[in-house]
Amino acid sequence: MSGAQRVDWTSRPAGPLNGVVRVPGDKSVSHRAMMLGAIAEGVSHIHGFLEGEDTRATAAVMQQLGVRIDALAGGERVVHGVGLHGLRAAAGALDCGNAGTGMRLLTGLLAGQAFDSTLVGDESLSKRPMRRVTDPLAQMGARIESDGGLPPLRVHGGQRLHGIRYTLPVASAQVKSALLLAGLYAQGDTEVIEPHPTRDYTERMLAAFGWPIEFSPGRARLSGGHALRATEVRVPADFSSAAFFLVAGSIVPGAELRLPAVGLNPRRTGLLQALRLMGADIRVENEGESGGEPVGDLVVRHAPLRGIELPEALVPDMIDEFPALFVAAAAAEGATVVSGAAELRVKESDRLASMAAGLQALGVNVEERPDGATIHGGPIGSGTIDSHGDHRIAMSFAVAGLIAQGPVRIGDCANVATSFPGFMELANGCGFDLGGVAL
């Protein structure tokens, strides 16, 4: 949030957590529903759209590209699709804010347009690597200029794209999605092979919008030349947002929380499996499907956690939930060993370094390694930590403060609004003692 007011939080020890916690809509699904609705034929209705700054930035970009979007009640959007080739050149740069997902997916989408576009972001996003997207897109015939692999990205229109068969060097749902979106405009087949299966939101949603696509864990394939048909999308509650309350409910004595209609995409719920391996008491009730995605109510009760050696197979399915896991590990008995998670170093912050430093500042013994860390569970002390403007770091330490020996002050929390608007109100409503001050 470049130029925005700085906000610090203080999280204090709190008693039992109780109640129903309705977390916001899934950010990944919201981004994709907005983009596909924009280039579909007809009018799409999106229910449960995340009212966060990241997803609003994506909506604003689509409006700059000539798409009419009606905002009704909170979380309701009506998107008047312009068809695959109906987008128009924007008058200025397209500002993705803090949304790495938005920028990477839009790069693929814009690579197939007839006009030039420039994608920019805030200070944090401008430091995030984009070559992992731009290099394979170049193999498809795209022309994209960057600042040494960093934003801003200048995407040249009028290029003839051709499908490729691409094996990702590092598993990434964002890179896969960018290539699939470019593949909509490419001649021939576009196939993406992954070293480890990643989230399949884009594949599921393309199918929901009527585009022929074949996909299975670790592989996706489509051909260009078809059309997207408008549809109704019900966005499930965001599992990444639920993660903080799953950890909080697990570590606070006497806690019991219910989180309704949470998205349970199997490529997203690695943290659920990890917490259960640690001894967490989390049940899934009322299972169903929403917008092509599996959903269910999550009920979490306090349970003593124990340290584990995290199976590396779970890492790709919980890449955004590691900050929350680190707090669970700090509250557990024994050591938790994380390996194979080097991807955390190129998120909104270097999350391995940020979480290790923050926990160490609170007296927790953490041994950091290039691709992971060992967290030794024990008392969490009071102190001051820096979130480095990373929303997930900030919310994780808000959870840590619940069982700390005194107040935990968390610096630079304004970016929480990018993914979880209303987090403080929701947290305090179920028993947190969390306060903020604008500086």
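Angles under 35 degrees count as roughly parallel, over 145 as roughly antiparallel, 65 to 115 as roughly perpendicular and the rest as oblique. This is a predicted model, so local features need pLDDT of at least 70 and side-chain atom pairs count only at pLDDT 80 or more, while totals for chains, interfaces and linings use all residues. Residues are numbered from 1 along each chain as its sequence is written, and side-chain values use heavy atoms, with hydrogens and water left out.

**View 1. Helices α10 and α11 side by side.** Here we look at α10 (residues 351-361) and α11 (residues 391-400), whose axes come within 11 Å and cross at roughly 25 degrees. (Axes are lines fitted to C-alpha atoms, for helices over the stretch in contact, and angles run from 0 to 180 degrees between N-to-C directions; helices are DSSP runs of H or I with at least four residues, strands are E runs of at least two, and both are numbered from the N terminus.) The pair is therefore roughly parallel. α10 passes α11 in a right-handed crossing, meaning that the near helix is turned clockwise from the far one by less than a right angle, with anticlockwise being left-handed. On the α10 side, the contact (heavy atoms within 4.5 Å) uses Arg 351, Ser 354, Met 355, Gly 358 and Leu 359, and α11 brings His 391, Arg 392, Ile 393, Ser 396 and Phe 397.

View 2. The axes of α3 (residues 100-111) and α5 (residues 173-183) come within 7 Å and cross at roughly 30 degrees. That makes these two roughly parallel as well, and their crossing is right-handed. Gly 100, Thr 101, Arg 104, Leu 105, Gly 108 and Leu 109 of α3 meet Gln 174, Ser 177, Ala 178, Leu 181 and Ala 182 of α5. How many residues of α5 are buried? The count is 11 of the 11, so α5 is largely enclosed by the rest of the structure. (Buried means under 20% relative accessible area, exposed over 50%, partly exposed in between, with a 1.4 Å probe and protein chains only.)

**View 3. Strand β15 and its partners.** β2 (residues 18-20) and β15 (residues 256-263) run parallel, joined by three bridges; Asn 18 has Glu 256 of β15 as its bridge partner. β15 also pairs with β17 (residues 293-301), this time in the antiparallel sense over six bridges.

**View 4. Pro 197 in its loop.** Pro 197 lies in the loop between β11 (189-193) and α6 (201-208). Its relative accessibility is 27%, so Pro 197 counts as partly exposed. Leaving aside neighbours within four places in sequence, Pro 197 is in contact with Pro 217, Gly 218, Arg 267, Pro 316 and Asp 317.

Notes
Pairing = 2+ DSSP bridges.
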